[in-house]
Amino acid sequence: MVEYRIDRRSGVATYVQIVQQTKHALRLGLLEPGDKLPTAREVVEATAINPNTVLKAYRELEREGLVEARRGLGTFVQRSLSTTGADSPLRAELTEWASRARAAGLGREDVAALFTSVLDDQFELDEHSKGDQE
């Protein structure tokens, strides 16, 4: 089961954080079709947020076809976003890289900026090569 962590200082709406964290869990294969999401009450108890915020996030996920609310039973995952599991060799390599970056004195935001820059460069290359092939 997914455990939501709310960062009140992030500037990101709480319901959006829940949606994003659910999608991350779906991408990593931590949540799979048929899995039950925590109830709104469980999320409220763990995070001290308003129940309506949880319900708003779950409605957004349902609107996107990722989950289904079953009256009296809970909210269940309908489909996965996983293309690579949490136990992927790529994850292990990335974990090792992040450890080296931390040991080199980089902070979380430094690592995120560096990683985002590399992602942008790599995926920009993909976009350009697709355009060349058309």
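## Exercises on a predicted helical and stranded chain

Read along the sequence, the chain of this predicted model follows the pattern α-α-α-β-β-α-α,. In total it has 5 helices and 2 strands. Buried residues make up 22% of the 134 residues in the chain, and among contacts between residues at least 6 apart in sequence, 56% join residues at least 24 apart.

### Exercise 1: the packing of H2 and H3

Determine how the axes of helix H2 and helix H3 are oriented, and which residues make the contact.

**Solution.** Begin with the geometry: the axis of H2, covering residues 40–47, comes within 9 Å of the axis of H3, covering residues 51–63, and the two cross at roughly 125°. The handedness comes next, and here H2 passes H3 in a right-handed crossing. The contact itself is made on the H2 side by Ala40, Val43 and Val44, and on the H3 side by Pro51, Val54, Leu55 and Tyr58. Sorted by class, this contact of H2 with H3 has 7 nonpolar residues, with no polar and no charged ones.

### Exercise 2: an aromatic pair

Classify the arrangement of the rings of Trp97 and Phe115, and state where in the chain the two residues lie.

**Solution.** A pair of aromatic rings is described by the distance of the centres and the angle of the planes. The count of such pairs comes to 1. For the rings of Trp97 and Phe115, the centres are 6.4 Å apart and the planes stand at 45°, so the pair is tilted. As to location, Trp97 belongs to helix H4 (residues 89–103) and Phe115 to helix H5 (residues 108–133), so that the pair links distant parts of the chain, 18 residues apart. Trp97 is partly exposed, its relative accessible area being 26%, and Phe115 is likewise partly exposed, with a value of 33%.

### Exercise 3: the surroundings of Gln21

**Solution.** Gln21 is found in helix H1, which spans residues 14–27. Leaving aside residues up to four places away in sequence, Gln21 touches Glu3, Tyr4 and Arg5. The C-alpha atoms of Gln21 and Val2, which are 19 residues apart along the chain, are separated by 8.3 Å.

Conventions:
Residues are numbered from 1 along each chain as its sequence is written. This is a predicted model: local features need pLDDT of at least 70, side-chain atom pairs count only at pLDDT 80 or more; totals for chains, interfaces and linings use all residues. Side-chain values use heavy atoms; hydrogens and water are left out. Axes are lines fitted to C-alpha atoms, for helices over the stretch in contact, and angles run from 0 to 180 degrees between N-to-C directions. Helices (H or I, at least four residues) and strands (E, at least two) are DSSP runs, numbered from the N terminus. A crossing is left-handed if the near helix is turned anticlockwise from the far one by less than a right angle, and right-handed if clockwise. Contact means heavy atoms within 4.5 Å. Ala, Val, Leu, Ile, Met, Phe, Trp, Tyr, Cys and Pro count as nonpolar, Asp, Glu, Lys and Arg as charged, and the others, Gly among them, as polar. Rings of Phe, Tyr and Trp (its six-membered ring) pair if their centres lie within 6.5 Å; planes under 30 degrees apart count as stacked, over 60 as edge-to-face and the rest as tilted. Buried means under 20% relative accessible area, exposed over 50%, partly exposed in between (1.4 Å probe, protein chains only).
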